[in-house]
Amino acid sequence: MDIPYIVIDQLVPEQQRVWNTYFGDADRPRYIEEGIWRRTQEKDTAGQSGWATSDDARRRIIHYRYRYGLVPTTAAPAIGLTDLYLYHSTSAPADEIDAHHDALMDSLAAGGWREAPGGFLWTRRDLKCRITEHDVHPQDAAVGRTLPPGYQSLDVQIASVAYAPPPAVRQLPWNVLSTGIRRKDRPGTPTRIPDLSVLTDLRPFQVEIGCGTSVEAGIPPLHRLHEIYRVTDRQGHEPREHRFTLSPTADTLLHEVLTEPEEKAAEFVEMFRACFLAEPTPAMGALKELKDAGHLVGPVITNNFDVLAARAGLDECFMRRYDQAVPDVEWVDGAKALLVVGLHADRRKVQARARERGMQVVYLDPEGFWHDGEFMSYPLEGPQDGDLVCRATAAEALPYLVNVLKPQRG
């Protein structure tokens with residue numbers, strides 16, 4: 001695999017402007033794409049991890065961090081993946097780790113990797129792969145964390161040859177692990193409303209958006225990343241029933257990367273490519289109209305990394321942070337409500353903080369999605385007693401709200 005790996009070739013002038021304005025010279029590094037999953041087998045995750053006894057303590061950690069940049073070509077510049085970093089750590093009974101190691105050796109051979117002198121490091125064109133086995137993982141020893149007797153760990157680090165991850169990057173997934181599993185909210189009994197006209201009496205309001213607005217722009221839902229990185233087994237279509245991939249022998253991610261890195265890289269950059277090529281939707285345009293009219297105040301609070309809100313002319317307060325357990329929210333004094341659009345699992349408890357401020361929380365979400373012509377129910381996790389829920393899409397409800405409020409503009 002060659003680095004840079006071309007993601008979008010021959011940018012037209014407008015695409016170059018979008019890159020320079022929103023990606024290459026932005027207030028946060030939008031040219032960095034990063035994701036972390038930690039899956040642990042324990043009593044609290046039994047339904048998805050298969051935990052049955054205290055001897056079940058398998059663990060899988062995935063951390064990827066990619067850097068994108070402009071790459072000169074003979075004609076117009078391209079966007080290329082300039083740094084690749086993928087870290088995979090698994091802990092399991094020793095016999096499973098042995099089988100995992102043997103499978104890795106087979107994959108390295110099948111993929112044409114060359115072992116460097118001294119072992120533990122393999123190279124293939126512009127990629128390097130380092131494999132490290134641990135009887136006791138140093139990260140566990142550092143914090144006094146113990147695994148059952150007979151467990152071992154195996155770490156795999158795949159990176160572009162010119163990239164050396166700094167200590168803070170290497171440490172990040174373990175910091176996330178130390179925060180424990182995310183405990184689901186227990187839904188309350190919210191009030192269903194037919195539309196968003198209730199916001200007429202709740203102005204000004206702030207807004208928080210999730211991936212629902214991104215999906216409407218043609219960006220794959222976040223569970224697509226779970227498919228790419230084999231986070232869950234993805235059997236069936238009910239999102240909350242998917243089981244964790246924890247057994248090393250059932251984990252195909254590394255085999256795919258090592259045997260066909262070019263083909264897997266096309267999947268790795270899929271989300272970034274979709275985000276860059278997407279265009280702001282009518283729903284985003286409606287939010288901009290609400291902002292310009294003074295009904296919507298403050299920045300758009302968002303977990304999305306697609307920059308669509310910014311490209312629609314809105315300021316963003318970005319919440320998808322791994323370096324802050326509770327990122328700051330830019331609240332506006334006097335805001336009466338928080339409109340939550342297309343966001344299922346708020347890991348940063350923005351809505352709880354809004355309630356503490358006395359704001360009315362209003363959810364806009366169809367609570368489901370279409371798959372093969374069938375509507376699959378996907379109930380919201382966060383609504384509590386006293387909250388309001390409108391079961392509609394952003395594309396339907398936000399332009400409607402603009403029209404409702406138009407006569408009241410002063």
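## An exposed glycine

Gly 218 is exposed, with a relative accessible area of 56%. Exposed means over 50% relative accessible area, buried under 20%, and partly exposed in between (1.4 Å probe, protein chains only). Gly 218 sits in the loop between helix 6 (211-216) and helix 7 (223-228). Its C-alpha atom is 9.3 Å from that of Leu 277, 59 residues apart along the chain.

This is a predicted model: local features need pLDDT of at least 70, side-chain atom pairs count only at pLDDT 80 or more, and totals for chains, interfaces and linings use all residues. Residues are numbered from 1 along each chain as its sequence is written, and side-chain values use heavy atoms, leaving out hydrogens and water.

## A stacked tyrosine pair

The rings of Tyr 64 and Tyr 229 are stacked, with centres 4.7 Å apart and planes at 5°. Rings of Phe, Tyr and Trp (its six-membered ring) pair if their centres lie within 6.5 Å; planes under 30 degrees apart are stacked, over 60 edge-to-face, the rest tilted.

Tyr 64 lies in strand 3 (residues 59-71) and Tyr 229 in the loop between helix 7 and helix 8 (253-259), so the pair ties together parts 165 residues apart in sequence. Helices (H or I, at least four residues) and strands (E, at least two) are DSSP runs, numbered from the N terminus. Tyr 64 is buried, at 1% relative accessible area. Tyr 229 is also buried, at 0%.

Trp 19 and Phe 23 both lie in helix 1 (residues 13-23), four residues apart. Both are buried.
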